[in-house]
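Subject: Structure handover

Hello,

Here is the structure for your files. My notes on it follow below.

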Amino acid sequence: MRVEPKKNKIEKHHLEDFVGRAYMSFCVLLLIVIIVSMVYFVASKGISTFTSGDVKITEFLFGTKWSPEGDAPSYGAFPFIAGSFLVTLIAALIASPLSICAALFMTEIVPGWGKKLLQPVIELLSGIPSVVYGFVGLSVIVPFLRNTFPGQGIGVAAGALVLSVMILPTITSVAADALASLPQNLKESSFALGATRWQTIARVILPTTFPAIMTGVVLGMARAFGEALAVQMVIGNAPFVPKSLFESASTLTSVITLSMGNTTMGSPQNNALWSMALVLMLMTFVFVLLVRMLERRNKI
C-alpha cells in the first residue's frame, strides 16, 4: 500500500522532466530556425544585387557615388559604410574613457554611495528611447556645434556625440561587472607590496580586466553601428564621404530607413538596400566574433 504512491510520484517527476526538456528543446529549435531564416532571407536578398548583374560588388563596396535614379544610376555604398565606421569609432573613443572611469568610481573609488549614485543614472540612460536622444542632440548638440565650429552643426561630430551617450550604459555596465568580479587577493597583494591605490588600479586592476572591458567596448560599438533613428536626426544624411567632422554624412542604417519605403521590391535600388542590410549583418557577426575571442582571452 505504501509503494504505490511513491511509484506514482516518481512517474510524475519523469513526466515533468520530459515535458520540461521537450519545451526547452522546442524553444531552442524555434530560435535556431528563426535565426537561420533571417540570415538566409537577408543574404539571399543582399546577394541578388550582384547575381542579377545590376551592380558589381566592387562598385558597391568602393564606389563613392550614390545616385539610384536617373539615366545612369550608381549604387556606390562606400560613403555610407565609411560614415558608419567613422561615427562608431569616434563614439567609442569618446565613451570608453568616460565609461571606464565611471566603472572605477563605482567599484574602486567609492563603492558605497558611488554605486548608489551612478547605477540609477546608468539604468536611466539605457532606458531612454533613441528618438529622445536624437531630439536632444538636434536641440542641444547641433546648435552648440553650429555656434562654436564652422558648419551647420549637423554632421559626423553631432552623430558621434549622440552615439557616445547612448553606448555609455553598455560599456559602463560590462566594465563595472568585470571590475567587481576581480579577486580581492590581487588587490590585497598589490597593497601588501606597498603600491598605492592608483598604482594598483593602473598596474593590476586595469591590465587584468582589460579583455572584459574591451568586450564592453565592442558591445557598445555594435550598438552604435546598428543605431538608426538618433543618428539619422543629427548627421545630415548626405551621400558623400565626409572630409571633416563637421560635414554632413550618412550611415548604412540611415539610408536604409529613409529609402526602403520608397522603393519597389526587386528593383536595383531595393536590392542595393538589402545589400547594405547584409553588410550590417556581417558586421554584427564580426562584433560577436570579437566578443567571443575576448571572452576566451579573459578566461585564460
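A residue is called buried when its relative accessible area is under 20%, exposed when over 50%, and partly exposed in between (1.4 Å probe, protein chains only). Phe 78 has a relative accessible area of 31% and is therefore partly exposed.

On the source: this is a predicted model, in which local features need pLDDT of at least 70 and side-chain atom pairs count only at pLDDT 80 or more, while totals for chains, interfaces and linings use all residues. Residues are numbered from 1 along each chain as its sequence is written, and side-chain values use heavy atoms, with hydrogens and water left out.

Helix α3

Phe 78 belongs to helix α3; helices here are DSSP runs (H or I, at least four residues), as strands are (E, at least two), numbered from the N terminus. From Phe 78 to Thr 88, ten residues on in sequence, the C-alpha to C-alpha distance is 15 Å. Ile 94 is in helix α3 too, and its relative accessibility of 30% makes it partly exposed.

Helix α3 (residues 78-109) packs against helix α6 (residues 156-180) at an angle of about 35°, and their axes are 6 Å apart. Axes are lines fitted to C-alpha atoms, for helices over the stretch in contact, and angles run from 0 to 180 degrees between N-to-C directions. The crossing of α3 and α6 is right-handed, the term for a near helix turned clockwise from the far one by less than a right angle, with anticlockwise being left-handed. The contact of α3 with α6 is made up of 23 nonpolar residues, six polar and one charged. In that count Ala, Val, Leu, Ile, Met, Phe, Trp, Tyr, Cys and Pro are nonpolar, Asp, Glu, Lys and Arg are charged, and the others, Gly among them, are polar.

Aromatic rings

There are seven aromatic pairs in the structure. Rings of Phe, Tyr and Trp (its six-membered ring) pair if their centres lie within 6.5 Å; planes under 30 degrees apart are stacked, over 60 edge-to-face, and the rest tilted.

One of the pairs is Phe 41 with Trp 274, which is edge-to-face, with 5.2 Å between centres and 90° between planes. This pair links distant parts of the chain, 233 residues apart: Phe 41 is in helix α1 (residues 3-51) and Trp 274 in helix α11 (residues 268-299). Phe 41 is partly exposed because its relative accessibility is 40%, whereas Trp 274, at 15%, is buried.

Another pair, Phe 50 with Phe 60, is edge-to-face at 5.6 Å centre to centre and 70° between the planes. Phe 50 is in helix α1 and Phe 60 in helix α2 (residues 57-62), so this pair ties together parts ten residues apart in sequence. Phe 50 is partly exposed at 25% relative accessibility, and Phe 60 is buried at 1%.

Trp 66, Tyr 75 and Phe 80 make up one aromatic cluster. Elsewhere, the charged end of Arg 197 sits over the ring of Trp 198, 5.8 Å from its centre; the term requires NZ of Lys or CZ of Arg within 6 Å of the ring centre and within 35 degrees of the ring normal.

Single residues

Leu 61 lies in helix α2 and is partly exposed, at 27% relative accessibility. Leu 61 and Gly 76 are 15 residues apart along the chain, and their C-alpha atoms are separated by 6.5 Å.

Most residues other than glycine have a negative phi. Asn 237 is not a glycine, yet has a positive phi of about 55°. Asn 237 sits in the loop between α9 (229-234) and α10 (252-259) and is partly exposed, with a relative accessible area of 27%.

UniProt annotations

An unreviewed UniProt entry lists residues 81-291 as "domain: ABC transmembrane type-1". UniProt positions are in the numbering used here, feature names are shortened, and annotations may be inferred rather than shown by experiment. Residues 81-291 are 78% helix and 0% strand, with the end C-alpha atoms 21 Å apart.

The "transmembrane region" annotation (unreviewed entry) covers several spans, including residues 201-222 and 272-291. Residues 201-222 are 100% helix and 0% strand, and their end C-alpha atoms lie 27 Å apart. Residues 272-291 are 100% helix and 0% strand, with 29 Å between the end C-alpha atoms.

Regards
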